[in-house]
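I opened the model today and kept short notes on what I looked up. Please follow along in the structure.

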Amino acid sequence: MLLHNATKGSQAMSILHSIGANATGFDKQLSFQFYKCYIRPIFEYALPLLTPTNNELKILEKAQDNACRLIMRGHKSSSTQVIKHMNNMANMSDRMVVLCAKNLVRVQQLPADALLTLFLQQLITSRTCHLKKLQTRNPIWQRLIADLPTTRTPQRIYIDKTDLKLQLNQFLLDQWHSTQSKFVYAGHCRTTLGIDPIMYIPMTVHERSRLIRWRMGWLPGKPQACRNCNQINNLTTQLHVTICFQICENLDMDIHAFLNSIPKSPPRSPADKFYLQNRWIVLQQFLFNLESICLPTDEPIDRTTYTEQSPFIAWINGSSPSSTTTTPFAHHA
Ligand SMILES: [Zn+2]
């Protein structure tokens, strides 16, 4: 079943990719929205009712990762943890737990004369009941009923919507924090859930592309001799270029901390506007210079991909249209 879902979803994804969910087509966030709206439901068909093995779940996760790589033009083994987090996309195994918990709660809230409700008591007392198996295996459900009085399990369990939402979020947050402790680039991302403002606040496509690639570890890309300091033993790792370009000193803070501090809406105080504007220019100059030394020597960077008139600065100062520029991507590490 899951193999069929993965194949069918991947076929649909290749169509979405051909009409614009690719490196030079739609805006990145839009592509991920399309994926979540049209492709992910195909992968997830019947998932909350199943009890798949880890290997079966891996097939689905691989299909989701490949969809992300099609949007980002990543090579077949490139890491996708960061881009999934930036677009608020959980792993398939976590999605299964979340969807199953929602359905378990929904079963309890069916009308009194619904067929399933009438059978519920009989189902739940049977030893081989699949519903019971789903309840036992679901950590969110277990947390939800843990707070209920421990006397006799009532025939119908009422779960408050707010409690369900709270437990779903807590579960996903715990899963994300455990991922952050295992992966370097994920560790640098925001510790909260939600779409990263880098995906949608106004800026040029080149600025957004460089920021996303920096976050994912694709910029500087494959380490090579650093052409900024011209020291033969210095390779263009993120650690080296951060020191070589003195970016932390110029930003007055760590680059990841700055990215995590970018607000979702323009700041009100003139001091904050000034602060963000200056640092934005410093950061974008750095990323532009970094990309220029990472391109092959016979491939000079297109200077028009850098501008001091960034839509971000207009947005910070409250004079920006809500849309972002739609120039296609030009450079990829
Ligand atoms: Zn250097």
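**Entry 1: Isoleucine 71**

I began with isoleucine 71, which touches Ala21, Asn22, Lys28, Ser31, Phe32 and Tyr35, leaving out residues up to four places away in sequence. Contact here means that two C-beta atoms, placed from the backbone, lie within 7 Å. I noted that this is a predicted model, where local features need pLDDT of at least 70, side-chain atom pairs count only at pLDDT 80 or more, and totals for chains, interfaces and linings use all residues. Residues are numbered from 1 along each chain as its sequence is written.

**Entry 2: The core**

Which residues touch the most other members of the largest nonpolar core? I found Ala67, Ile71, Ala101 and Leu290, in a core of 54 residues. Such a core is a set of buried Ala, Val, Leu, Ile, Met, Phe, Trp, Tyr and Cys residues joined through C-beta atoms within 7 Å. A residue is buried if 20 or more other C-beta atoms lie within 10 Å of its own, exposed if 12 or fewer, and partly exposed in between. This core takes at least three residues from each of domain 1 (1–195) and domain 2 (197–316). Over the protein chain, 27% of the 333 residues count as buried.

**Entry 3: Helix α3**

I looked at α3 (54–72) next. Helices (H or I, at least four residues) and strands (E, at least two) are DSSP runs, numbered from the N terminus. The protein chain has 16 helices and zero strands. α3 has 19 residues and reaches 26 Å from its first C-alpha to its last. That is close to the 27 Å expected at 1.5 Å a residue, where the expected span is 1.5 Å times one less than the number of residues. Its buried residues include Leu60, Ala63, Ala67, Leu70 and Ile71. The buried residues of α3 pack against α1, α2, α4 and α5. Arginine 73 follows α3 and has a positive phi, near 55°.

**Entry 4: Helix α2**

Where is the kink in α2 centred? I found it on lysine 36, at about 40°. The bend at a residue is the angle between axes fitted to the seven residues ending there and the seven starting there. Lys28, Ser31, Phe32, Tyr35, Ile39 and Phe43 are buried in α2. Their cover includes α1 (2–19), α3 (54–72), α5 (92–108) and α11 (205–216).

Glutamine 29 also lies in α2. Is glutamine 29 buried, exposed or partly exposed? I recorded it as partly exposed, because 17 other C-beta atoms lie within 10 Å. Apart from neighbours within four places in sequence, glutamine 29 contacts Asn87, Ile195, Met199 and Tyr200.

**Entry 5: Two domains**

I checked the domain assignment of the chain, which gives domain 1 (1–195) and domain 2 (197–316). Such bounds come from an automatic or database assignment. The C-alpha centres of domain 1 and domain 2 lie 34 Å apart. How many residues of domain 1 are in contact with domain 2? I noted 11, and they meet 10 residues of domain 2. On the side of domain 1 that touches domain 2, α2 (28–43), α4 (81–86) and α10 (184–188) each give two or more residues. α4 gives the most, with three residues.

**Entry 6: The whole chain**

Last, I looked at the extent of the chain. Along its principal axes the C-alpha trace spans about 75 × 45 × 40 Å. Among contacts between residues at least 6 apart in sequence, 71% join residues at least 24 apart.
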